[in-house]
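User: Got a model I'd like to walk through with you. Can we go piece by piece?

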Amino acid sequence: QVQLVESGGGLVQAGDSLRLSCAASGRTFSSNAMGWFRQAPGREREFVAAIGWSGTTYYADSVKGRFTISRDNAENTMYLQMNSLKPEDTAVYYCAARMNSTGSRYPTTYDYWGQGTQVTVSS
């Protein structure tokens, strides 16, 4: 059974940093693209960042320059380093994996999802 488990969320102040982790089990994703999405109350799930099997990265304009996505294939883990956090970054953050080697901005193209981790940024 494939599982994706996020961790690292929490309550921080504006300007602080957090690092989210997504640990995969049940199969390896070294040949697959993975991504981070987020969903705030009353809003649709939105793309944050994605990384292809080769390490190619993609970012939403709202986080470009502040967030960094990375992966450790040996550990079957993906990360999201979030710096200069803003109150508008407050959301539940989800990691996802897809049966394709290229990253995607579209949540419907992902096959596996984690349960989410809450990130709250106070002003």
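User: Let's start with β8. How many of its residues are buried?
Analyst: β8 is mostly covered, with 5 of its 6 residues buried. Buried means under 20% relative accessible area, exposed means over 50%, and partly exposed lies in between, with a 1.4 Å probe and protein chains only. Strands are DSSP runs of E with at least two residues, and helices are H or I runs of at least four, numbered from the N terminus.

User: What am I looking at, and what are the ground rules?
Analyst: This is a predicted model: local features need pLDDT of at least 70, side-chain atom pairs count only at pLDDT 80 or more, and totals for chains, interfaces and linings use all residues. Residues are numbered from 1 along each chain as its sequence is written, and side-chain values use heavy atoms, with hydrogens and water left out.

User: Back to β8. Which strands are joined to β8 by 6 bridges?
Analyst: β3 is joined to β8 by 6 bridges, antiparallel. β7 also runs antiparallel to β8, again with 6 bridges. Pairing here requires at least two DSSP bridges between the strands.

User: Which residues stand opposite each other there?
Analyst: Serine 21 faces tyrosine 79 in β8. Phenylalanine 67 has methionine 82 of β8 as its bridge partner.

User: Is Asn76 buried or exposed?
Analyst: Asparagine 76 counts as buried because its relative accessibility is 13%.

User: Switching to cavities. How many are there of 30 Å³ or more?
Analyst: The structure holds 1. The largest cavity has a volume of about 30 Å³. On a 1 Å grid over the protein atoms alone, a cavity is a set of points where a 1.4 Å probe fits but cannot get out. Points are joined across faces, edges and corners, and the volume is the space filled by probe spheres set on them.

User: What lines it?
Analyst: Phe29, Met34, Arg71, Asp72, Asn73, Asn76 and Thr77 line the largest cavity. Lining residues have an atom within 4 Å of a point.

User: Now the core. Which residues have the most contacts inside it?
Analyst: Trp36, Leu80, Met82 and Tyr93 do, in a largest nonpolar core of 32 residues. Elements giving two or more residues to this core include β3 (18-25), β4 (34-39), β8 (77-82) and β9 (91-97). Such a core is a set of buried Ala, Val, Leu, Ile, Met, Phe, Trp, Tyr and Cys residues joined through side-chain atoms within 4.5 Å.

User: Why call β9 enclosed?
Analyst: Because 6 of its 7 residues are buried, β9 is largely enclosed by the rest of the structure.

User: What does β9 pair with?
Analyst: β4 joins β9 antiparallel through 6 bridges. β11 pairs with β9 in the antiparallel sense over 3 bridges.

User: What does Tyr93 touch?
Analyst: Leaving aside neighbours within four places in sequence, its contacts include Glu6, Phe37, Val48, Leu80, Met82 and Thr117. Contact means heavy atoms within 4.5 Å.

User: Last one. Where is methionine 99?
Analyst: Methionine 99 is in the loop between β9 and β10 (112-113). It is partly exposed, because its relative accessible area is 43%. Not counting residues up to four places away in sequence, methionine 99 touches Arg27, Asn32, Asp111 and Tyr112.

Notes
On a 1 Å grid over the protein atoms alone, a cavity is a set of points where a 1.4 Å probe fits but cannot get out, and a pocket is an open set with protein on both sides within 12 Å along at least five of seven lines; lining residues have an atom within 4 Å of a point.
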